[in-house]
Amino acid sequence: MFNIMIIVGVTALCAGQDLEVWWFPLCRDSAVYAISIIMMVVVMIDKEVHWWEGLIMTLSYFLYILLMVYNER
């Protein structure tokens, strides 16, 4: 949390201009972040990560990459 807040804060300070943020990317990325945290909690609940759980999380990351590639379309 500290890293996220510091990086965003320093970036905003160094930008030297007002940044207009559209609601869609903010909501999209927040939803993906929430889903990834829920997935991590579910995977870590037994304090062991199985190979198939790691595979599911890795494939989820690639799905996010595909979402970003086809985002503009």
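A residue is called buried when its relative accessible area is under 20%, exposed when it is over 50%, and partly exposed in between, using a 1.4 Å probe and protein chains only. Cys14 is exposed, at a relative accessible area of 64%, while Cys27 is partly exposed, at 44%. A disulfide is a covalent bond between the sulfur atoms of two cysteines. Here the term is applied to a pair of cysteine sulfur atoms within 2.5 Å, and a search of the whole structure finds zero of them.

A word on what you are looking at: this is a predicted model, in which local features need pLDDT of at least 70, side-chain atom pairs count only at pLDDT 80 or more, and totals for chains, interfaces and linings use all residues. Residues are numbered from 1 along each chain as its sequence is written, and side-chain values use heavy atoms, with hydrogens and water left out.

Now follow the helices, which are DSSP runs (H or I, at least four residues) numbered from the N terminus. Between α2 (23–44) and α3 (51–69) runs a loop, and Lys47 is found there. Lys47 has a positive phi of about 60° although it is not a glycine, and it is exposed, with a relative accessible area of 76%. Trp51, in helix α3, is exposed too, at 68%. From Trp51 to Phe24 there are 27 residues in sequence and 34 Å in space, C-alpha to C-alpha.

Arg28 is a residue of helix α2, and it is buried, with a relative accessible area of 11%. Beyond its neighbours within four places in sequence, Arg28 is in contact (heavy atoms within 4.5 Å) with Leu67, Met68 and Asn71. The side chains of Arg28 and Asn71 are joined by a polar contact of 3.1 Å, meaning a pair of N or O atoms within 3.5 Å, one able to donate a hydrogen and the other to accept it.

Finally, look for the largest pocket. On a 1 Å grid over the protein atoms alone, a pocket is an open set of points where a 1.4 Å probe fits, with protein on both sides within 12 Å along at least five of seven lines; lining residues have an atom within 4 Å of a point. About 210 Å³ of space lies in the largest pocket, counted as the space filled by probe spheres set on the points. Its lining includes Val32, Met39, Tyr61 and Leu67. The elements that give two or more residues to this lining are α2 and α3, and the largest share, six residues, comes from α3.
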